[in-house]
Structure formats: C-alpha cells, structure tokens
Amino acid sequence: MKHRSEYRNPLLAGAIADRINRISRKPCSFMEFCGGHTLTIARHGIGSMLSERINLLSGPGCPVCVTPMEEVDLMSALAGLPDVIVATYGDMLRVPGSKASLLERRAEGADVRVVYSSYDAVELAMSNPHRQVVFFGIGFETTAPATAAAVLKASSLGLENFSVISAHKTTPPIIAALLSSGEMRLDGLVCPGHVSVITGVAPYRQAAAQGVSCVITGFEPVDILQAVLMLVEQVEQGRSEVEIQYSRTVRDEGNPRALRIMERVFAPVASNWRGIGVVPGSGLEVREQYCAFNARNRFDITLPETDEPAGCICGRILRGAASPADCPLFAGRCTPTSPVGACMVSSEGACQAHFRFRGHARL
Amino acid sequence: MCLGIPGRVDKIEGEMATVEFGGADRQVSLELVPGEVNVGDYVLVHAGFALERIDEDEARETLQMLKEAIGLETSQ
Ligand code: SF4
C-alpha cells in the first residue's frame, strides 16, 4: 500500500499544521474518542505542532480502560473454577482486578489463554470437549461483531462447552452522555475511524445537530492533522456537520453485514463504564435466543462491588475533564510496569501513551 | 485490539483468507466484509476478522485534495 508512507510524511504533516495554525482564530477543544488516535497523537507529538488555541482531549474510547473492575473480577473468578478455560485478547491480561489481574491468576495456576480471534476460542472449545471455554468479549463495534460471529458458529456446531461474557460497549450512547454531562465544552469530535467502519455516520448525527463538528478520522499522523484542519474549518465557518476524512475505509452506511450479525446476537443493555458510571443502552448483552452461550447464565457467580484504586483519576481522564499529567501518581507510583489504573495498562490508554512518548514524540 | 491493521489478501479459501501484514501471514475470516474481496485487495483487519476493503483510489484522491487545499504541489 504505497499511500501509507504518504500518510506519515513529516513534510506534509508540517504543512497541514501550518495551515491549521494560520486559519484558526477561535480557541477550540476537540476530543479524540478512540484510544488508537490518542496513541498516534502522543507518538507523533501532534499536540505540540498545533497552536495553543487548539486543545486536544482524550476520550473514553480505550476498551481496556473503560471495562469496569467487576468484569475483570468476574473473569478471574471464572478462571478459578475447575475445568474452565478463560480465553481473552492479550490486552486484558494485565488489567488490575480488585484482587488480581488475569495474568496473576494464571501464575497461580488458572487456565487463562490469550487468543488472537474469537474463532480461536471456539476452536479451543472444540479441542477441549471436556472443559468449558469462556471467551471474554470486550471492545466497541469493531470487535462485537467478531464475538457475535463466534456465538453463531458455536450455535451452528451445537457446542455445549463454549460461552461468552460480553463486556462490549457501543459508541452512540456514550457520546450522547458525554455531551450532555456539561463537564466540558466540546467544539469538535475526532470520530473513531474503525468503529465508524461498522457504524457509518449515524452515531454522530446527534452531536452535529447539537453544534459539535464531527470528522471520522484514520490513524496515521496525516489523517489526524487533516481531520483537525477539517474541524477548524467547520468551526471557523460556523458549521457543524459529520464529515469523513477516512473515506478510504469508511462508508456513510457503515458495514451492514457486520451490523446485522451483531444485532442478531446482541441486545442493548445499560452498561457500567469504568470511571464514568452506568450509561443506559451502552452495553451489549447476548439475546435470550442464544442464552445457552451466555456465561452469565451458565455459571452462577456473584461478586462484591468494587472500588477504583485510591488516587487514580482515570475516570476524569476518560471523560475528557483531566489529562494524565494532572494525576499525582502519574510516572511516580503509576507506570506501565506497575500500573495503578487501567489507563496505564493499555497501549491505547491516555496515561500509558503520555508516559511512553514524554519528551520524545516525533513524526 | 482496537488497533485495526491493513493487510493484503494473498489467498482466499471459502470464507477464510491468508492476509499478509508486512511480512507476516495470518488466517483471517472474510465473513464480516460486506462486498466482494479479491486476491490483491487490501483489507482492514481487527482481531482475526476483515471488516472492510481499503479503497486505494480513494486514498490517493484524499491525499490529492488535501495537498491542493493546503497549496502543495500535487504531482508526485
Ligand atoms: S496515572 Fe495511573 S493512577 Fe493516575 S490516572 Fe493514570 S492510570 Fe490512574
């Protein structure tokens, strides 16, 4: 793909930044929803290329960061049961639960396997017919269809030893919740490119109608800078519309095939976001029809409520109300090798991204 | 996990494809892609599933328009 290097071209990036800084008059705040964007912005020092009139804020779009501690505790309790194999994406392994992470559980002898794909978890169930395999489904609209496809596959194979815990979350309800919280004033959203591959433009229409400019954005430095340019143009011209910068992959209507599979298996439910709280309709639960594949039905586990780690301000960071440098534990007691909060665990988490690229971000 | 990666389709067998990511091959499901996928196409892959085809012409056009908008030479 020869255009990839162009989307990383420092000269082009610099020229866009110059243009942005020339045309921007009004001070404005833009939130990047997605952890992948947070990572690109930190890695390439994009904030420092822009005039101080432009404030870039991280949002709640790192799935590892917003998965509440009780879900980790639940998976960890399941992993402790005899004859259960817990299958998870690698990102979740080190997230602290209230007592232990899945990695620590594994060191104690629990059977926790890292899978690349939800189908790997189905295969694990097929090759271990005498054990129960529980797949930990986390992520937004980008990974929820894959979990749904695994449920459909297990169902068509008649597998009795495969089930999922769905900690999946969806984008439109959380955007609505953030915009109505009144905690910060947003002029624009750098909308998540890959979530939008699935959803299309629909989730952002409401935000645009409320006066927030929206640009669906790719993940290279030039993508982000072009999106900021498009946002600044909207703000300066008094427009708030949904535009697609990432048109090489995103279509207006999204991906109807993936949406159909997701809707067939999952129904919306209220969901708890770490540091934000319960947001109505923002989670996905396995529908009644497929309840045999819902590990919440198959295993009877109740857990005590959990508290967030003392001193950690992940919650405010995920809401765009604070930045990692505001946390007294940042880079002191809390580092990627010994994380206190979830935002330091994931490479897409705002705290880890800021920690890793402090002082040496470059294009 | 949320970081989708573009890769090139090298081989297709039914609903599975061999996709090359900068030297490494992976088996990837095509079940979630809405349109037709052919060998040689670039696809966006998340956690073992291709989610969409990447439109190379569109990528080129976006860059061209961007360069015009900021007043850079457009010939490459
Ligand atoms: S630096 Fe650590 S403790 Fe502070 S907000 Fe980030 S993750 Fe939480």
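Biologist: How many bridges join strand 4 of chain B to strand 5 of chain B?

Modeller: This is a predicted model, in which local features need pLDDT of at least 70 and side-chain atom pairs count only at pLDDT 80 or more, while totals for chains, interfaces and linings use all residues. Residues are numbered from 1 along each chain as its sequence is written, and chains are lettered from A and ligands numbered from 1 in the order in which they are written. Helices (H or I, at least four residues) and strands (E, at least two) are DSSP runs numbered from the N terminus, and two strands pair if DSSP finds at least two bridges between them. Strand 4 and strand 5 of chain B run antiparallel, and the number of bridges that join them is four.

Biologist: Which residue in the turn of this hairpin has a positive phi?

Modeller: Strand 4 and strand 5 of chain B form a hairpin, and within it B:Val45 has B:Ala50 as its bridge partner in strand 5. Two residues lie between the strands, and the one in the turn with a positive phi, of about 45°, is B:Ala47.

Biologist: Why is strand 5 of chain B described as largely enclosed by the rest of the structure?

Modeller: A residue is buried if 20 or more other C-beta atoms, placed from the backbone, lie within 10 Å of its own, exposed if 12 or fewer, and partly exposed in between. Strand 5 of chain B is largely enclosed because, of its five residues, the number buried is four.

Biologist: Which element of chain B gives the most residues to the side that touches chain A?

Modeller: Contact requires C-beta atoms, placed from the backbone, within 7 Å; by this rule 28 residues of chain B are in contact with 36 residues of chain A. Strand 4, strand 5 and helix 1 (56-69) of chain B each give two or more residues to that side. With seven residues, the element of chain B that gives the most is helix 1.

Biologist: How many residues in the shell around the ligand are charged?

Modeller: The ligand is surrounded by 14 residues, with A:Cys312, A:Cys327, A:Cys334, A:Gly341 and A:Cys351 the closest; a residue is near if its C-beta atom, placed from the backbone, lies within 6 Å. Ala, Val, Leu, Ile, Met, Phe, Trp, Tyr, Cys and Pro count as nonpolar, Asp, Glu, Lys and Arg as charged, and the others, Gly among them, as polar. The shell holds 13 nonpolar residues and one polar residue, and the number of charged residues is none.

Biologist: In the open sheet of five strands in chain A, which are the edge strands?

Modeller: The strands of this sheet are paired in parallel, in the order 2-1-7-8-9. Those that pair on one side only are strand 2 (54-61) and strand 9 (242-244) of chain A.

Biologist: What angle does helix 13 of chain A make with strand 8?

Modeller: Strand 8 (213-217) of chain A is joined to strand 7 (188-192) by five bridges. Helix 13 (221-236) packs on the sheet and touches strand 1, strand 2, strand 7, strand 8 and strand 9 of chain A. Axes are lines fitted to C-alpha atoms, for helices over the stretch in contact, and angles run from 0 to 180 degrees between N-to-C directions. For helix 13 and strand 8 of chain A, the angle is about 165°.

Biologist: Is A:Leu225 buried or exposed?

Modeller: A:Leu225 is found in helix 13 of chain A and touches A:Ala13, A:Ile16, A:Ala17 and A:Ile46, leaving aside residues up to four places away in sequence. Because A:Leu225 has 30 C-beta neighbours inside 10 Å, its class is buried.

Biologist: Within what arc do the buried residues of helix 10 of chain A fall?

Modeller: In helix 10 (171-181) of chain A, the buried residues are A:Thr171, A:Ile174, A:Ile175 and A:Leu178. They line one face of the helix, the arc being that of the directions from the helix axis to the C-beta atoms. Seen down the axis of helix 10, these residues fall within an arc of 100°.

Technical notes. Two residues are in contact if their C-beta atoms, placed from the backbone, lie within 7 Å.
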